[in-house]
Amino acid sequence: MKTPWQVMTGGDWLIVICLLGISLSGIAWLATAPGGTRVVVTSGGQTVFSAPLDLPQSVDLDGPLGPTHLVIDDQGVRITDSPCRAKICISMGPARHTGDLLACVPNRILVRIDSPAGGEEPYDLLSR
Amino acid sequence: MPWNRPLIIGLLMVLLALTWWRLQPEEKEIRRSRLMMGTVVEIMAGGLKTSKLETAVDAAFAEISRLDKLLSSYHLDSDVSRLSQSDGGGKVAAETAEVLALGLDVAQQSGGAFDMTLGRLKSLWHFDEEASSVPERGAIAAALLGVGPAALALDGLEVYKQTPDLEIDLGGIAKGYAVDRAIAVLKEHGITSAAVNAGGDMYLLGQRPKRPWRIGIQHPRQKETVLETVQVRDQAVVTSGDYERFFELDGIRYHHIFDPQTGFPARGCQSVTIIADSVALGDALATAVFVKGPEAGLQLLAGYPRAEGLIVAADGSLYSSPGWAAYRVAP
C-alpha cells in the first residue's frame, strides 16, 4: 500500500501549501491585533493621554483649572488630586474594568478604560 | 479517485465556509462620552453601519444638550431658572411640564420624600462646590419654609409657585428624563441596541450581542468592589448613594441626598438601586426610597409593580424588593 506522500500529486502539494500559507497569514494577522486594556484620557474631545493599565505610573494632566493627578497601579486607575472644588472625581475611587469611567467635570478631564481586544468583562456598565 | 482528494476538497470547503463567515456583516459598536449636565454622559450603540450609529449618537447627545438648557439650574435662561426667579411661576416647555408632572406624582406617592422644591436648601449646603461645613440650623429651617409638594402646582404648561422665593431643583429627575429622551432619539434612528448612561442614571435598550446587558452595582463602602451584577433589557438602572458627594465632620458623613423634613442628609441608607421602565421614574424613586429608608422605601416600591429595588441600609444590611432576584446574575 502506498503512503499518503506517495499518492500526492504536484497539484495536491500546491493546494496544501496554499492552505498552509492562508493559515499562517491568519495567525500573523491575529498576532498584530490590538493589545490589552488601556487607560485613555480625553479633554475637550481630544485624547491627551493613553497608557496600558498594567503599567504603574502617575501623571499630571492639565485641564482648564490646572493639573489633575492620575495614578495607575494594581488597583486600577484613579484620580488622587484635582484643582476642582467638589473633589467628586477623587471620591469616585479606582476604575479597572473595560468601560469604567472617571471624570472631573469642572476640569474637563474624562478617564476611560478601553479594551480593543473586546474581552469579556464581568459587567458592561457600572451603576453608581 | 485517490483517497487524499476528498480530504483536500473537505479542507477547501472548511476554508470557504470560514471565509463566508468572516465576510458576513459584523455588528459594530461605538462608544462616545461627553461632559454634559454636570456629569459624564456615555452612549454605546450597536448596529451594522458605523455611519448610521454615529449619526444617531450625535442626535442623542444633541437632545440631551437641548434638555439641559431647559431643565438645568446652571443655565440662567432655563425653564427651571426662570421658575425659581419668578414670583408665582409661569409657562414652561412641554418637556419641563412632563418632568414636573412625574416628579409631583412621585412626591405625592412618597409623602414628600422626593421633593423638587429644595433649591434653597441645596444651595445652602454647597455640595456643588467644596462642601465642608454644616450650615446653621436657623438657616436650614429658613430654607425649608414653604417647601414641599404642595408648594408647586401644574396645570397643563402653567406652573404655580406658592411662595415667591421657592427655588426649583430637578437634580433628582432631570438627568433621568434626558436619558429617556436620548433613548427615544436613538430608537427614531432605528437603533435597537444601546446604552445611555448619565453619571450612573442609565437605560439599556435591547441587548448586547447574544445576551442581555450586564450592569455592575457599586458597593457603597468598598470602591473597588461590585455589590451585585444584574441583567436587564429595555429597562433603566439608577443608583443613588451617599458616597460620591460627601464630607465628614466629627465622624459624621454629610452627603447630598436630603431629608426634606429635617434639611439634613437622609440617614436610612448607604445606597439605593432601582430598576424601572424609565430612567426619570427610577431616578425619582431612588431618591425617595433613600430618604424614606429601607422598610418604608420597600413599601413605596410596592406601589410601582414594574419597579424593583436593592437597598443598602445605613448599617450595611441588604434589602430588596420581591422581584429583584429575577435580575440578579449569579456570582
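Across the interface of domain 1 of chain B and domain 2 of chain B, the rule finds one salt bridge, a term that stands for a side-chain nitrogen of Lys or Arg within 4 Å of a carboxyl oxygen of Asp or Glu. Glu95(B) forms a salt bridge with Arg66(B), with the closest N and O atoms 2.9 Å apart. This is a predicted model, in which local features need pLDDT of at least 70 and side-chain atom pairs count only at pLDDT 80 or more, while totals for chains, interfaces and linings use all residues. Residues are numbered from 1 along each chain as its sequence is written, chains are lettered from A and ligands numbered from 1 in the order in which they are written, and side-chain values use heavy atoms, with hydrogens and water left out.

**The two domains of chain B**

Chain B is divided into domain 1 (28–72 + 175–330) and domain 2 (79–161), with bounds that come from an automatic or database domain assignment. Taken over C-alpha atoms, the centres of these domains of chain B are separated by 21 Å. Between domain 1 of chain B and domain 2 of chain B there are six residue pairs in polar contact (both at pLDDT 80 or more); a polar contact is a pair of N or O atoms within 3.5 Å, where within protein one must be able to donate a hydrogen and the other to accept it, and residues adjacent in sequence count only if both atoms are side-chain atoms. Helix 2 (50–71), strand 11 (246–249), strand 12 (252–255) and helix 8 (279–292) of chain B each supply at least two residues of the side of domain 1 that touches domain 2, and the largest share, eight residues, comes from helix 8 of chain B. Helices (H or I, at least four residues) and strands (E, at least two) are DSSP runs, numbered from the N terminus.

**The two interfaces in figures**

The table uses contact in the sense of heavy atoms within 4.5 Å, and buried area as the accessible area (1.4 Å probe) that two parts lose on being put together, summed over both.

| Interface | Residues in contact | Buried area | Share from carbon and sulfur atoms |
|---|---|---|---|
| Chain B and chain A | 46 residues from chain B, 37 residues from chain A | about 3600 Å² | 58% |
| Domain 1 of chain B and domain 2 of chain B | 31 residues of domain 1, 30 residues of domain 2 | about 2500 Å² | 73% |

**Chain B against chain A**

The area buried between chain B and chain A is about 3600 Å², and Arg31(B), Leu35(B) and Glu244(B) supply 18% of the area that chain B buries against chain A, more than any other three residues. The count between chain B and chain A is two salt bridges; Asp124(A) forms a salt bridge with Arg211(B), the closest N and O atoms being 2.9 Å apart. Eleven residue pairs are in polar contact across this interface of chain B and chain A (both at pLDDT 80 or more). Three bridges join strand 8 (residues 125–127) of chain A to strand 8 of chain B, and these strands run parallel, with Ser127(A) standing opposite Ile217(B) in strand 8 of chain B. Two strands pair if DSSP finds at least two bridges between them.

**Strand pairing within chain A**

Strand 3 (residues 57–63) and strand 4 (residues 66–73) of chain A pair in the antiparallel sense over seven bridges, and a hairpin joins them through two residues.
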